[in-house]
Amino acid sequence: MEQKLQELKVRLAEINDLNGAIALLNWDQATYMPPGGAAARGRQMSTISKLAHTKLTDAAVGKLLDDLQAYADSLPYDSDDAGLIRVTRHDYEKATKIPPQLLADFYSHSAAAYQVWTVARPQNDFAAVRPLLEKSVDLSRQIAECFPGYEHIADPLIDFSDQGMRANTVQTLFAKLRDQLVPLAEAITAQDPIDDSCLRQHYPETPQFDFGIAAIKDYGYDFDRGRQDKTHHPFMTKFSLGDVRITTRANENNLSEALFSTLHEAGHALYEQGINMDFEGSPLAEGTSAGVHESQSRLWENMVGRSLNFWQHYYPKLQAAFPQQLATVPLTTFYKAINKVQRSLIRTDADEVTYNLHVMIRFDLELALLEGSLAVKDLPEAWHARYQSDLGMRAPNDIDGVLQDVHWYGGFVGGAFQGYTLGNIMSALFYDQAVKAHPEIPTEIAAGQFGTLHTWLRENIYRYGRKFTANELIERTTGSPLTIEPYMNYLRSKFGSIYNL
Ligand code: ZN
């Protein structure tokens with residue numbers, strides 16, 4: 001048995017190496033690669049990912065898993081070996097159930113759809129992407145149908161990024177959230193808008209980056225096992241547990257962009273850097289789901305990084321870095337500016353209160369497309385109608401409407417959005433548990449100390465990697481299933497005091 005387990009681990013380590021190489025090629029493409037490298041780079045990544053897929057779907061892997069199942073069953077659920085075998089079987093079945101031709105068709109179709117979208121969006125030309133989007137819906141359905149036994153056609157697609165979550169549970173949770181968020185957003189936006197002009201002065205790039213780096217070092221981001229580079233669209237990536245990188249960009253006319261995207265990506269990176277080093281080279285060595293990942297980026301960006309406690313410590317430092325811009329701006333003005341709530345049409349620019357409304361609109365529309373209750377031709381109008389009812393706004397075009405996000409034009413229709421809001425809900429759940437265990441956390445944050453919070457998160461979430469699913473982590477830390485209450489309490493308390501509700 002020991003020998004078979006070793007053989008499995010050797011095979012998995014090779015797959016892990018190939019995936020690390022793809023991530024490195026991808027990181028290089030997004031940071032330093034000259035434009036002339038694009039064509040070959042696409043080919044190189046596709047060659048290596050085919051190799052990784054072939055190695056994972058090798059019948060020998062299936063045989064090893066079968067041979068090891070009795071051993072896995074004899075172990076406690078939380079043992080590392082049982083977790084490894086469980087997660088590998090999950091990945092193996094995912095990879096083998098989809099016919100290779102269907103997957104190849106999907107990848108070449110989404111590459112084509114993405115190309116058309118990049119041209120169609122600036123031209124407000126939904127008609128150009130419509131047939132491609134229809135085919136994306138069709139292919140997404142076909143891929144979902146490779147996993148019979150689902151309750152909802154979206155379930156297998158949701159499971160790709162948020163394992164164990166189901167369309168119906170997410171819908172129920174989101175409906176409750178929407179019922180409370182829509183009136184909260186209405187009450188806030190009925191008031192005079194906050195003046196956030198202090199953020200929109202000229203802020204040179206270098207001190208912006210220096211400030212962000214100092215803050216995330218304090219968070220506990222380990223620069224001996226990571227680095228930060230510039231890119232167009234900030235992201236976190238990992239080549240191994242010893243090399244977890246983040247990227248950022250600065251806008252010299254808006255202080256909040258680099259600052260909060262740095263804190264956000266650092267949150268993702270703290271999660272990956274906190275995984276048990278014994279999992280290196282195995283499929284356990286990754287964050288467990290899109291939702292849990294986003295819970296960590298949002299926790300460090302918003303619950304910590306946009307809190308009054310945090311800025312009690314850091315605002316004098318920020319003022320020292322930008323004396324001309326901020327010396328005469330009081331802390332409360334700055335704090336309100338970085339937490340300004342406003343109705344907007346663009347998801348990625350949205351504040352903490354309205355952000356989830358944008359996400360839930362997309363989630364519901366995805367489900368309707370997959371169910372067949374909404375036709376692609378009716379999607380632009382359905383989009384506008386939901387923005388009108390949930391956010392009280394209507395985009396003047398499809399550029400800021402249905403053409404806004406890349407997700408449907410470069411991947412599955414289904415499963416792409418729920419993770420953002422699940423992450424927000426979970427961020428409050430986990431933070432609450434940490435504070436229950438260590439009530440001194442908020443005071444420590446006000447002193448620029450994050451060790452207690454970071455340690456709690458590492459001990460209860462990070463170190464497990466993929467050994468437990470999101471639902472299992474929630475059960476283990478809170479003793480109950482996912483609920484919106486802590487998140488709504490957080491939003492009500494924070495924005496209630498900012499807006500005197
Ligand atoms: Zn994120």
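Predicted model: local features only at pLDDT ≥ 70, side-chain atom pairs only at ≥ 80, totals over all residues.
Visitor: Let's start with the metal. What makes H264, H268 and E294 the residues that coordinate the zinc ion?

Guide: Distance does. A donor is an N, O or S atom within 2.8 Å of the metal. The atoms here are NE2 of H264, NE2 of H268 and OE of E294, and they sit at 2.1 to 2.5 Å. That is inside the cut-off, so they count as donors. Along the sequence, the donor residues follow the spacing H-x3-H-x25-E.

Visitor: Why is it said that H268 and E294 tie together separate parts?

Guide: H268 belongs to helix α10 (residues 255–273), while E294 belongs to helix α11 (residues 290–304), so the pair links parts that are 26 residues apart in sequence.

Visitor: And why is H268 called buried?

Guide: Buried means under 20% relative accessible area. H268 has 10% relative accessibility, so H268 counts as buried. E294 comes in at 8%, so E294 is buried too.

Visitor: What does E294 form a salt bridge with?

Guide: With R298, and the closest N and O atoms are 3.6 Å apart. The rule asks for a side-chain nitrogen of Lys or Arg within 4 Å of a carboxyl oxygen of Asp or Glu, so this pair passes. R298 and E294 are both in helix α11, four residues apart, about one turn of the helix. R298 is buried, and so is E294.

Visitor: How do you know that E301 and H264 are in polar contact?

Guide: Their side chains are joined at 2.7 Å. E301 lies in helix α11, and with a relative accessible area of 8% it is buried. Besides H264, E301 touches F260, L263 and R306, not counting residues up to four places away in sequence.

Visitor: Now the bigger picture. Which domains does the protein have?

Guide: The domain assignment gives domain 1 (2–149) and domain 2 (167–498). Their C-alpha centres lie 26 Å apart, and the contact takes 41 residues from domain 1 and 44 residues from domain 2.

Visitor: How much area do domain 1 and domain 2 bury between them?

Guide: About 3,600 Å², with 64% of it on carbon and sulfur atoms. On the domain 1 side, W27, R121 and F126 supply 18% of the area buried against domain 2, more than any other three residues.

Visitor: How many salt bridges does the rule find across the interface of domain 1 and domain 2?

Guide: Three salt bridges. The rule also finds 17 residue pairs in polar contact across that interface. As for elements, α1 (2–31), α4 (80–97), α5 (100–120) and α6 (126–144) each give two or more residues to the side of domain 1 that touches domain 2. The largest share, 10 residues, comes from α6.

Visitor: What makes D400 and R121 a salt bridge?

Guide: Their side chains meet at 3.5 Å, N to O. The limit is 4 Å, so the pair qualifies.

Visitor: Why is D66 called partly exposed?

Guide: Partly exposed sits between the 20% limit for buried and the 50% limit for exposed. D66 has 49% relative accessibility, so D66 counts as partly exposed. E93, at 32%, gets that label as well.

Visitor: And is N500 buried or exposed?

Guide: Exposed means over 50%, and N500 has a relative accessible area of 67%, so N500 is exposed. N500 is found in the segment after α22 (485–498).

Visitor: One last one: why is T354 called buried?

Guide: T354 has a relative accessible area of 1%, under the 20% limit, so T354 is buried. It lies in the loop between α14 (331–338) and α15 (355–371). T354 touches A185, V341, Q342 and L391, leaving aside residues up to four places away in sequence.

Methods:
Residues numbered from 1 in each chain as written. Heavy atoms only, no water. Donors = N, O, S within 2.8 Å, 3.2 Å for Na, K, Ca; no water. Buried < 20%, exposed > 50% of the residue type's maximum accessible area, 1.4 Å probe, protein only. Domains from an automatic or database assignment. Contact = heavy atoms within 4.5 Å. Buried area = accessible area lost by both parts, 1.4 Å probe. Polar contact = N/O pair within 3.5 Å; in protein donor to acceptor, adjacent residues only side chain to side chain.
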